[in-house]
Amino acid sequence: MKAAIERLARGLSDAVFPPICVHCRGLIETAGATESGFRHVCAKCAALIEFVQEPHCSTCGHPFYGEMEGARMCPHCEGLDPAFREGRTAVLFKGPVRALVIELKYHHGLHVLEDMEQLFRRAPHVLALVRGATLVPVPLHSRKARHRGYNQAELLAAGLARAAGGGRACRALASAQHRHGDADRV
Ligand SMILES: [Zn+2]
Ligand SMILES: [Zn+2]
């Protein structure tokens, strides 16, 4: 019954707001959306999403192209000496993924969260790392939080914990800094 109501509600909202691809702005055919698994990225754009697979940097998760063996650290991490030990990357921040992030952060696009969760679901190496962990979202300065009305990192952490089937997303710590130009920080 709940699923039927959700389907009906979704059908009604699609009739009022036809599903438009966040990347190419084309209309998404229902069949295409089902096929790609995304509701706000068309099948053609979904094929452009670059999911990260092995081999990748063991510290930040940036992919390596070609054969690698042993300890793996990319040039960025060698230069930056990051404070964390291990990181994973689900997808590259470009094309349709960039469009999803911009929609979420700057256009009040909370509706794309389900597609973001779909990205996590297709990144088993990321889910394996966070399963059972406590996720601490990147904090948002109170001025930005008031303007935006939500902290996207908190919402994404909750989605990631859900996708991992375990894990806990806590509230973000407070941010004392107001940052500019953080389009690449989610
Ligand atoms: Zn598209
Ligand atoms: Zn790295």
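Visitor: In which loop is the place of Pro55?

Guide: Pro55 has its place in the loop between helix H3 (43-46) and helix H4 (75-80). Helices (H or I, at least four residues) and strands (E, at least two) are DSSP runs, numbered from the N terminus. This is a predicted model, in which local features need pLDDT of at least 70, side-chain atom pairs count only at pLDDT 80 or more, and totals for chains, interfaces and linings use all residues. Residues are numbered from 1 along each chain as its sequence is written, while chains are lettered from A and ligands numbered from 1 in the order in which they are written.

Arg25, in the loop between helix H1 (2-16) and helix H2 (30-36), has a positive phi near 65° although Arg25 is a residue other than glycine. A residue is buried if 20 or more other C-beta atoms lie within 10 Å of its own, exposed if 12 or fewer, and partly exposed in between, with C-beta atoms placed from the backbone. Arg25 is exposed because 10 other C-beta atoms lie within 10 Å.

His108 lies in the loop between H5 and H6, and His108, which is not a glycine, also has a positive phi, of about 55°. His108 counts as exposed because its C-beta neighbours inside 10 Å come to 11.
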